[in-house]
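My notes follow, for anyone who likes to check along.

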Amino acid sequence: MTNSPPVSLQFLGAAGGVTGSKYLFSYGDDQLLIDCGLFQGLKELRQRNWTAVPVDLARLRAVVLTHAHIDHSGYLPRIVAQGYQGPVFATPGTCDLLKVMLPDAAHLQEEEARYANRNEYSKHKPALPLYTVHDAERSLQLLRPVRNAEPVEVMPNVSLNFGRVGHILGAGSARLLFKIDAQQKNLLDSGDLGRYGRPILKDPEPAPNTDWLLIESTYGNRVHPKDSENGLREIIKEVAARRSCLIVQAFAVGRTQELIYVIRKMEDAGEIPTIPVHIDSPMAIEATEIYCRHTEEHDFEMAQLSSHEGCPIRSRHMVIDRTPEQSKAVNDVKGPIIIISASGMATGGRVLHHLKQRLPDPETTVLLVGYQAEGTRGRSLQDGAKELKMLGEIVAVRARVKVLDGFSAHADQDEILRWLGTFKKPPRMTYVVHGEPAAASTLAEVIRDRLSWNVEVAKYQQKIALQ
Ligand SMILES: [Zn+2]
């Protein structure tokens with residue numbers, strides 16, 4: 001006789017793709033969401049944000065966010081708008097970043113709806129935002145900061161702890177502990193797994209044993225080149241020599257801070273000349289301050305430098321463009337100049353007006369340093385597009401486009417295997433999530449062949465019984 005409640009997990013996003021992370025954990029009548037992310041990229045994916053998620057908000061007891069990236073957190077204001085009022089558990093670093101990122105995401109939603117109404121391109125009249133800044137502000141009231149490794153009861157009979165994964169500030173794996181037939185069981189979601197030996201943040205921690213594992217696979221079929229810093233050095237030297245412009249299309253949170261840190265290091269070592277570096281993203285500016293403040297996440301070198309000379313996330317000639325006017329004025333600045341701007345996949349943000357202005361110029365270099373999802377302008381640039389549509393115009397691409405994958409915030413296949421190698425015993429079952437189909441299936445094969453683990457690729461909306 002068993003009196004344990006039924007326990008299950010359903011993949012409501014980041015299965016068959018990299019965005020919309022949402023995993024619904026059910027324990028008897030109670031439910032919990034691990035991550036609450038927005039779908040991004042291809043239109044058919046973004047439309048999923050508008051279809052109701054199969055979550056009964058009356059049964060939803062908690063939301064757990066592994067990190068602040070919008071594809072993991074950006075759906076939260078939507079469920080809050082629909083009536084969710086329960087707690088949202090996240091690390092202190094994640095909570096601080098969300099205070100900047102969720103209102104910004106809401107602002108973009110509102111702007112998109114306004115634009116659609118003005119230009120009447122929406123078939124819904126009037127077009128409505130997915131959520132408002134007010135909904136985002138209400139979401140922030142629900143945040144419950146939980147320190148790394150600190151266990152917390154998130155709903156009756158289920159506790160949670162985060163483990164450091166080094167992806168961006170605050171990023172953690174999420175481990176749920178619960179009982180089935182009086183036996184302790186675990187489910188571990190890797191979250192977005194970071195890298196080893198990268199600047200600023202500590203490395204991923206060894207993984208705790210688990211019964212069920214969800215492992216991300218963004219770069220499950222790739223190995224990052226080892227010489228990205230050389231690549232960046234050469235690009236900057238060339239830009240300086242030609243007195244031209246380098247536009248770095250970078251995620252405001254994580255990539256921007258790492259780039260500034262590396263540029264400062266090269267300047268200190270005399271490897272590159274000092275040229276003006278414009279930080280042209282309000283979110284990047286705020287995120288940099290948050291990165292400097294969270295000393296508990298700093299690696300040894302970052303902590304040492306900070307104690308001697310203040311936060312080392314700054315270059316020698318750094319220009320902070322806070323206002324839209326300052327940003328527009330950059331259009332008239334002649335090289336040499338480096339503009340680091342967001343969004344990282346050129347789906348919106350200030351980087352668009354820099355690209356519109358400078359892409360037609362063959363002297364400009366555009367650098368892509370992060371993952372470019374299918375259907376984004378960044379992906380088109382990476383794939384060699386000769387023109388791009390942006391801000392209502394067709395813009396010719398004559399600039400040189402360079403890609404440096406080594407600045408990615410995601411573990412590559414070798415690094416994923418290194419982390420999996422820290423398990424003392426194999427999970428009973430491993431589900432590969434958060435990867436485009438080729439990356440996910442390759443990683444699953446590698447795990448099966450090299451580690452002999454039980455593994456399968458998670459499917460969108462698939463529900464599994466945990467027993
Ligand atoms: Zn992420």
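**Ground rules.** I am working with a predicted model, where local features need pLDDT of at least 70, side-chain atom pairs count only at pLDDT 80 or more, and totals for chains, interfaces and linings use all residues. Residues are numbered from 1 along each chain as its sequence is written, and side-chain values use heavy atoms, with hydrogens and water left out.

**Cores.** I looked up the nonpolar cores first, each being a set of buried Ala, Val, Leu, Ile, Met, Phe, Trp, Tyr and Cys residues joined through side-chain atoms within 4.5 Å. Buried means under 20% relative accessible area, exposed over 50%, and partly exposed in between, with a 1.4 Å probe and protein chains only. The largest core has 95 residues, and those touching the most other members are Val63, Ile215, Leu232, Ile340, Trp419 and Leu420. Helix H4 (residues 92-119) is the top contributor to this core, with 8 residues. I note that helices (H or I, at least four residues) and strands (E, at least two) are DSSP runs, numbered from the N terminus. A second, separate core holds 33 residues, including Ala62, Val64, Ile180 and Tyr431.

I then listed the contacts (heavy atoms within 4.5 Å) of valine 63. Beyond its neighbours within four places in sequence, valine 63 meets Leu33, Cys36, Leu76, Ile79, Tyr84, Pro87, Val88 and Phe89.

**H4 against H8.** How do the axes of H4 and helix H8 (residues 282-293) cross? They come within 9 Å and cross at roughly 170 degrees. Axes here are lines fitted to C-alpha atoms, for helices over the stretch in contact, with angles from 0 to 180 degrees between N-to-C directions. H4 and H8 are therefore roughly antiparallel, a label for angles over 145 degrees, while under 35 is roughly parallel, 65 to 115 roughly perpendicular and the rest oblique. From H4 the contact uses Asp96, Leu97, Val100, Met101 and Asp104, and from H8 Met283, Glu286, Ala287, Ile290 and Arg293.

**Salt bridges.** I counted a side-chain nitrogen of Lys or Arg within 4 Å of a carboxyl oxygen of Asp or Glu, and the count comes to 24 salt bridges. Arginine 195 pairs with glutamate 415, their closest N and O atoms being 2.9 Å apart. Arginine 195 sits in the loop between strand S10 (183-189) and strand S11 (212-216) and glutamate 415 in helix H13 (residues 413-420), so the pair ties together parts 220 residues apart in sequence. Both partners, arginine 195 and glutamate 415, are buried.

Lysine 265 and glutamate 301 also form a salt bridge, at 3.4 Å from N to O. This pair links helix H7 to helix H9 (residues 300-309), 36 residues apart. I also found Arg198, Glu229, Arg255 and Glu258 linked in a salt-bridge network.

**Aspartate 321.** I found aspartate 321 in the loop between strand S14 (318-320) and helix H10 (324-329). Aspartate 321 is buried yet has no salt bridge, and the nearest side chain of opposite charge, arginine 350, is 5.8 Å away. For charges, Lys and Arg count as positive and Asp and Glu as negative, with His and the chain ends not counted.

**Leucine 201.** My last stop, leucine 201, is in the loop between S10 and S11 and is buried, with a relative accessible area of 9%. Leucine 201 and tyrosine 291 are 90 residues apart in sequence and 9.2 Å apart in space, C-alpha to C-alpha.
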